[in-house]
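Please look through the model below before reading on.

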Amino acid sequence: MVRSTVAAATDRLTRNHVRIVFLTILIACAAGIVFSAAGESASERTDAPADAPPTDNHTVITQSGRAGNILAYAPNGSRIYANYTHTKYYDVDPVENESMTVEYAATDTLYADSSRCQDPPCARNVIERANLSTGEVTEVYAQYVYRETAGEWHDADRLDDRHIVVADIAADQVFMVDTETGMIEWTWDAQSDFPVEGGGSYPGNWVHLNDVEVLADGRVMASLRNQDQVVFIEPETGLVDDWTLGAEDEYAILNEQHNPDYIPESRGGPAVVVADSENGRVQEFQRDNGDWNRSWVWSDDRMQWPRDADRLPNGNTLVTDTGGERVLEVNQSGDIVWQLEVPHPYDAERLETGDESTGGQSAAVLGLESQTSGADDGGRQNIDLGVFDPIVDRARSLVPSHVVTFVVYASPSWLGPSALGPVTVGLATALLWGCAELRWALRARGIRLRWPVYKEK
């Protein structure tokens, strides 16, 4: 009897020790998450980032996913404008001949509690014009997509004072709309050239049209993310087959790319500079004798899921690194000469330099040096999480990049990628603790977890 009492006391003591270990790990994980959130919030609030040296121009950045913002920074790095009105912000372009004015595509996600959604859930896509100096915002064109939360317009390119060409993800279409009358004047349906067999597993996002650009010769260049292709469209006749860049599932060329920019012959093209998102790099392709050949590629150890690359008039390239949480400028030698820490950026535009890459020359003309690894990380200011750092590194090496990207994209805006380690360890610890408590509770009732389950007599 005495031995049984001592054994029970020892068992309780052992269990309490185990509980203390579990609790200590969870407290450490919570501290890691808090530090990560604090660092993320500080990055969002910083008005004059230490690692953003002055430039000669203003920089406008959009954010989508965990938080929707459009931000503008002065040449000295101070923030001069911020707007958080919409759920997500996508492509942004300067308005020609209007100082400090931009036009952008944004989306509002509306649910059943919204009076603006007749058949919830809805996505309301809007194109707006904002004066960054006065703060005045003017709606240019808007459209609802019913029973859809991700029917977004990632890009809209202005043709003239009245007409805009839109990349419509929900309808798998490129269309041109007269913003004064609301009439859609022509449409290219991607499913006519890229059919969804049997409806597909995700017909609402079969192509994921994420970019359009109206070229000087009247053609339209479009990015078909899910087909790993950049295509060229004649509004009157449709797809120009022999100009297509990339091929479906040919990931060595492109892998779910974003925001290609066209560089014409007058500036050393035809060439296309593009963010090769899933491959974690930015590239340029030169057209020669009817073929597209890679002429430049850049990445560093930090880059993850870039979604924009603009060739600037000075020969540098402005890159939006979504997964790396930064916007950076790379010079002709491949060195980072400017960088701004921004959580989950989508698009960046350097004002006073023209729309996207319209003022830049091709890599072939500039003689740009390619770089694929070993670059300076640009002075990233990470919070040291001690034991969690190798866990984060190990998780990133084991988990496919698109899975990491999805987790970061879907997580709360205050939870950054550096929280991946403490979150993973915390969830695993909580699960183990719960299993241990369950087992102890069952054993106290004489139930042992074996197969088959039985109760001791």
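This is a predicted model: local features need pLDDT of at least 70, side-chain atom pairs count only at pLDDT 80 or more; totals for chains, interfaces and linings use all residues.

Residues are numbered from 1 along each chain as its sequence is written, and side-chain values use heavy atoms, with hydrogens and water left out.

The protein has five helices and 27 strands; these are DSSP runs numbered from the N terminus, with helices being H or I of at least four residues and strands E of at least two. Of its 457 residues, 51% are buried, meaning under 20% relative accessible area with a 1.4 Å probe, protein chains only.

Four strands make an open, antiparallel sheet in the order S8-S9-S10-S11, where pairing requires that DSSP finds at least two bridges between two strands. Strand S8 (153-158) and strand S11 (184-189) each have a single partner strand, so one side of each lacks a neighbour in the sheet. S8 pairs with S9 (residues 163-168) over five bridges, and Asp157 has Val165 in S9 as its bridge partner.

The largest nonpolar core has 20 residues; such a core is a set of buried Ala, Val, Leu, Ile, Met, Phe, Trp, Tyr and Cys residues joined through side-chain atoms within 4.5 Å. Elements giving two or more residues to this core include S9, S11 and strand S13 (220-224). Val220 is among the residues with the most contacts inside the core. Another core, of 14 residues, lies apart from it and includes Tyr81 and Met100.

Notes: Buried means under 20% relative accessible area, exposed over 50%, partly exposed in between (1.4 Å probe, protein chains only).
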